[in-house]
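Hi everyone, thanks for coming.

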Amino acid sequence: MIMPMKMLEENLNKKVALLLKDNRTLLGVLSGFDEYMNMVLDNVEENSETLNRKLGTVIIRGSNVVRIVPV
Amino acid sequence: MIMPMKMLEENLNKKVALLLKDNRTLLGVLSGFDEYMNMVLDNVEENSETLNRKLGTVIIRGSNVVRIVPV
Amino acid sequence: MIMPMKMLEENLNKKVALLLKDNRTLLGVLSGFDEYMNMVLDNVEENSETLNRKLGTVIIRGSNVVRIVPV
Amino acid sequence: MIMPMKMLEENLNKKVALLLKDNRTLLGVLSGFDEYMNMVLDNVEENSETLNRKLGTVIIRGSNVVRIVPV
Amino acid sequence: MIMPMKMLEENLNKKVALLLKDNRTLLGVLSGFDEYMNMVLDNVEENSETLNRKLGTVIIRGSNVVRIVPV
Amino acid sequence: MIMPMKMLEENLNKKVALLLKDNRTLLGVLSGFDEYMNMVLDNVEENSETLNRKLGTVIIRGSNVVRIVPV
Amino acid sequence: MIMPMKMLEENLNKKVALLLKDNRTLLGVLSGFDEYMNMVLDNVEENSETLNRKLGTVIIRGSNVVRIVPV
């Protein structure tokens, strides 16, 4: 058994793909998170059906998170 | 009477189909979960009406979960 | 006065129809539940406008539940 | 001043019309409720724009309730 | 400074227009409320784009309330 | 650093534009608020794409608030 | 590891782009925030698909926040 928060911890400083409820995906390095799944990503590239752009650092409110995939 | 969390525990390291609110299904091995139904799935295959792809490990925020089916 | 949780308890191991927010209905035997209305159903048959299939055991996150009808 | 929960209590074993968020109306006898407005209705008749059927006993999760009207 | 709950209290037994999230308006006398903004209205008239009818007493779950206007 | 609640306090008895989730804007004098961002506005004028009307005093449930702009 | 709230603190008095759930973007100086991600922005410029305007100071309810990008 691995706890979800422990799994996030193991991905610190690694590249992840973060899917948000608005269907955007943020690709970036996981720099931090808290118990609400608020997150900090670095070197972020944002992808959606209509755009593709670099965002640098992004702070995400946990309530918008669907899933995190280590990549 | 079997508690839902106990039922999840019995499915640890087994294959499950996880239906999310956005109507996607994730097929994978249940590696972990917590009391919010945040989950870790391994060897994940994602299926929706429009796509079908392998994702490896996925951390899911519990608020997006509709139901889990052992398969 | 009968408390809703007591009513669920009286339907343990009995057949119920569970309506979810996504408008699907799950028909199955109520095997367990907790105070969030997370539930375990066995021998589940799923019905929606577009499909009809057998699912076996299903764990449902309570936040998706609209109502339960003993059948 | 009458508290909403006290008003529910006064309608125990009386007929009410319960409007849900999905716009269905359940007509039935209020048999029980708790502090989340989870409810038990008996002798329920369900009405929506497209259907009209008898359901018997129904347990409703409070988060779906819009309003209750004694009838 | 007047607290919102205090303002509700000042409107007890007075006529108010209650706007709900489903865009219906209930016109009635405010008979009671609690800290979740659950409410009891008496002598209610319901207005929406498509209908206009008298409902008598109505118990409203606070989570559906948008705003209250003394009228 | 100014706390959001402190900023609201500084706007007491001043005119603000309150944007709600249903996309309506209420223009009025901020008379009160609490920690949930429930609010009391006075001398309210409501603006949406389709209407423009005076409402007098309005009590708003905080869960509907998007943002407040001092005007 | 950097906590999301700590990252917000590091951006105090700096320019950020705040994406809201209704898909609007607010560009402004982050003047304050609290643990719910309620925020105060100064010198705000609002951008959406259909408009572009200056708003001055804005208080945002945290539940509407998707993400914050230092710019």
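Let's start with a term: a polar contact is a pair of N or O atoms within 3.5 Å; within protein, one atom must be able to donate a hydrogen and the other to accept it, and residues adjacent in sequence count only if both atoms are side-chain atoms. Between chain B and chain A there are nine residue pairs in polar contact, with both residues at pLDDT 80 or more.

A bit of housekeeping. This is a predicted model, where local features need pLDDT of at least 70 and side-chain atom pairs count only at pLDDT 80 or more, while totals for chains, interfaces and linings use all residues. Residues are numbered from 1 along each chain as its sequence is written, chains are lettered from A and ligands numbered from 1 in the order in which they are written, and side-chain values use heavy atoms, with hydrogens and water left out.

Back to chains A and B.

The partners are A:R67 and B:E46, at 2.7 Å from N to O.

The copies use different surfaces, though: 5% of the contact residues of chain B recur in chain A, where contact means heavy atoms within 4.5 Å.

Now jump to chains D and E. Here 21 residues of chain D meet 22 residues of chain E. Together they bury about 1,700 Å², with 61% of that on carbon and sulfur atoms; buried area is the accessible area (1.4 Å probe) that two parts lose on being put together, summed over both. D:M1, D:P4 and D:R67 supply 35% of what chain D buries against chain E, more than any other three residues. D:R67 also forms a salt bridge with E:E46, at 2.7 Å from N to O. On the chain D side, β5(D) gives the most, with six residues.

What does β5 (65-70) of chain E do? Five of its six residues are buried, which is to say under 20% relative accessible area, with exposed being over 50% and partly exposed in between (1.4 Å probe, protein chains only). Strand β1 (15-20) of chain E runs antiparallel to β5(E), joined by five bridges; strands pair if DSSP finds at least two bridges between them. In that pairing, E:L20 stands opposite E:V65. β5(E) also pairs antiparallel with β4 (52-60) of chain F over two bridges, and there E:I68 stands opposite F:I59.

Last stop: A:T57, in β4 of chain A. Buried or exposed? A:T57 counts as buried because its relative accessibility is 18%. Its side chain makes a polar contact of 2.6 Å with the side chain of A:D42. Leaving aside neighbours within four places in sequence, A:T57 touches residues including A:V40, G:M7 and G:I68.

Notes: Helix = DSSP H or I, 4+ residues; strand = E, 2+ residues; numbered from the N terminus. Salt bridge = Lys/Arg side-chain N within 4 Å of Asp/Glu carboxyl O.
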